[in-house]
Amino acid sequence: MKIKSQITILSGTIIAIPVLCTLFICFLHFIRNPERMLLSGAKEIREIERQTSKFGQEEWQELRETMHLLPPNVQATLIDEERIVLYSTIPEIEMGTYFSNIEMWKLMNETSDKYFYQFTTPNFRNYHTVLFTRVSRDHEVKKNKLQGFISPLLIFLIFIVLICFLIVIFLSKNIFHSIDLVEEKTSALAEGKLETEIITNNKQNEIISTLNNLEIMRKSLVEAQNRKNKFIMGISHDLRTPVAVIKGYIEAIQDGLISEPDEILETMNMMEDKATKLENMINTLISYTKMESSEIKEKLVVSSITKIIENFSKGAVITGGIYKRNIVIDFNLDQDYKVPLDEQLVARLFENLYSNAIRYSKENDTITITSYKEGSNIVVKVADTGIGIAKEDLKNIFDLFYRGTNSRREEGMGIGLSVVKNIVDVHGWKIEVQSEKDKGSCFIITIPVTA
């Protein structure tokens with residue numbers, strides 16, 4: 001669950017708990033509020049007040065206040081000591097009339113199946129009165145039902161509040177666990193412990209997604225570190241040979257093993273050749289290092305890829321004649337297509353592929369350069385009928401300093417195809433290779449175009 005969703009639910013739950021409690025308290029207060037039990041009857045009492053002078057204004061005010069204490073569901077009749085009805089909400093008994101005990105018992109007997117009756121004899125200002133009240137039996141049933149409704153409601157409310165508390169605890173624990181996990185893993189990365197894998201579970205949220213990104217970053221750092229180590233080892237190995245040869249020639253001259261002028265001149269030429277190769281290797285390494293920079297992507301210029309491919313194809317025919325290779329050009333681009341590119345890098349890309357095709361083929365072998373438009377892409381193929389690439393080497397041929405089984409007899413540093421792959425990646429293109437041992441190889445470059 002997303003952190004935003006969790007925080008939303010958490011906030012809603014925290015708000016819901018006091019709201020539910022407040023609503024229940026208000027409901028309970030409403031049910032049991034004495035104001036709901038006040039009895040309306042002031043008008044009737046005022047009528048009796050005008051009809052009799054037995055009570056003064058103060059007595060009638062006190063009587064009204066007393067009668068208002070009766071619940072609204074209670075029907076009542078107040079009778080003075082002379083059996084005169086001072087107040088009545090019982091329909092069968094009229095206020096101001098004489099109501100004898102016989103009439104009272106008769107009414108009770110006739111309606112006892114419908115009402116509960118009760119008598120009280122309150123002393124009001126030293127006046128002897130009788131308060132005759134009754135409550136409907138149906139009302140008692142409704143009252144009991146209402147009371148019975150409150151208990152389940154209270155249980156339900158307690159259950160909801162408990163669920164809310166559990167949700168708060170669960171979400172808080174989940175968020176805090178994710179934060180603690182991020183802190184632990186980032187601390188390990190900060191300490192340089194790249195070998196520790198960042199393991200995450202399937203419960204996805206923004207924090208866990210951050211951990212997944214950290215795992216990707218960790219793998220990238222490990223890969224970069226391995227490439228760095230491999231790069232240093234490769235440089236050390238490939239540069240050591242020409243340096244050792246030059247050093248050996250110098251020692252031979254110093255020790256007098258080579259003393260004749262012709263021998264010294266020949267040795268100096270050989271040293272110059274080795275120094276030139278060493279310089280080329282260093283330049284290649286410098287160029288490769290520069291290509292690792294992301295600044296190249298920002299310097300790409302929209303240029304004609306059609307012209308670059310066409311010029312490359314024409315130059316390949318001339319070079320192929322020098323190396324006695326059969327060059328086949330299948331140029332099928334009928335439009336000047338333009339894409340963002342670095343002309344020098346793209347030229348080097350094609351030259352590296354073509355140089356490999358010449359290096360790993362022999363005289364009279366065929367090299368085919370094909371270019372055509374397919375959908376929204378331009379496809380360029382450089383194929384040869386040379387020694388091919390072993391199946392087990394195909395997955396590693398673009399790795400830095402990697403040299404396949406069939407290429408180890410040739411001189412080189414194992415950088416050429418790695419440079420090709422980097423150039424392709426910088427431009428956002430795609431490269432594939434199809435090869436079979438002793439039957440040749442075909443490198444396929446896919447270039448997206450917008451027009």
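Helices (H or I, at least four residues) and strands (E, at least two) are DSSP runs, numbered from the N terminus. The views below show a predicted model, in which local features need pLDDT of at least 70, side-chain atom pairs count only at pLDDT 80 or more, and totals for chains, interfaces and linings use all residues. Residues are numbered from 1 along each chain as its sequence is written, and side-chain values use heavy atoms, with hydrogens and water left out.

**View 1. The loop residue K324.** K324 is found in the loop between α9 and β7 (326-332). K324 is exposed, with a relative accessible area of 52%; here buried means under 20% relative accessible area, exposed over 50%, and partly exposed in between (1.4 Å probe, protein chains only). Most residues other than glycine have a negative phi. K324, although not a glycine, has a positive phi of about 60 degrees.

**View 2. The loop residue N364.** The loop between α10 and β9 (366-374) contains N364. N364 is not a glycine, yet its phi is positive, at about 75 degrees. With a relative accessible area of 56%, N364 is exposed.

**View 3. The aromatic pair F99 and F132.** Rings of Phe, Tyr and Trp (its six-membered ring) pair if their centres lie within 6.5 Å; planes under 30 degrees apart count as stacked, over 60 as edge-to-face and the rest as tilted. By this rule the model has 5 aromatic pairs. In one of them, F99 and F132 are tilted, with 6.5 Å from centre to centre and 35 degrees between the planes. Because F99 lies in the loop between β2 (85-88) and α4 (101-111) and F132 in strand β5 (residues 127-136), this pair ties together parts that are 33 residues apart in sequence. F99 is buried, with a relative accessible area of 7%, and F132 is buried at 0%.

View 4. F99, Y115, Y117 and F132 form one aromatic cluster. The charged end of R134 sits over the ring of Y115, 3.8 Å from its centre. A charge sits over a ring if NZ of Lys or CZ of Arg is within 6 Å of the ring centre and within 35 degrees of the ring normal.

**View 5. The stacked pair F312 and F350.** F312 and F350 form a stacked aromatic pair, 5.1 Å centre to centre with 20 degrees between the planes. F312 belongs to helix α9 (residues 305-322) and F350 to helix α10 (residues 343-359), so the pair ties together parts that are 38 residues apart in sequence. Both residues, F312 and F350, are buried.

**View 6. A316 in helix α9.** Helix α9 also holds A316, which is buried at 2% relative accessibility. Not counting residues up to four places away in sequence, A316 touches I327, Y354 and I369, where contact means heavy atoms within 4.5 Å. A316 and S355 are 39 residues apart in sequence, and their C-alpha atoms are 9.6 Å apart in space.

**View 7. Helix α10.** Helix α10 has 17 residues and reaches 24 Å from its first C-alpha to its last, close to the 24 Å expected at 1.5 Å a residue; the expected span is 1.5 Å times one less than the number of residues. Among its buried residues are L345, L349, F350 and Y354.

**View 8. The whole chain.** The protein chain has 11 helices and 12 strands. Of its 451 residues, 37% are buried.
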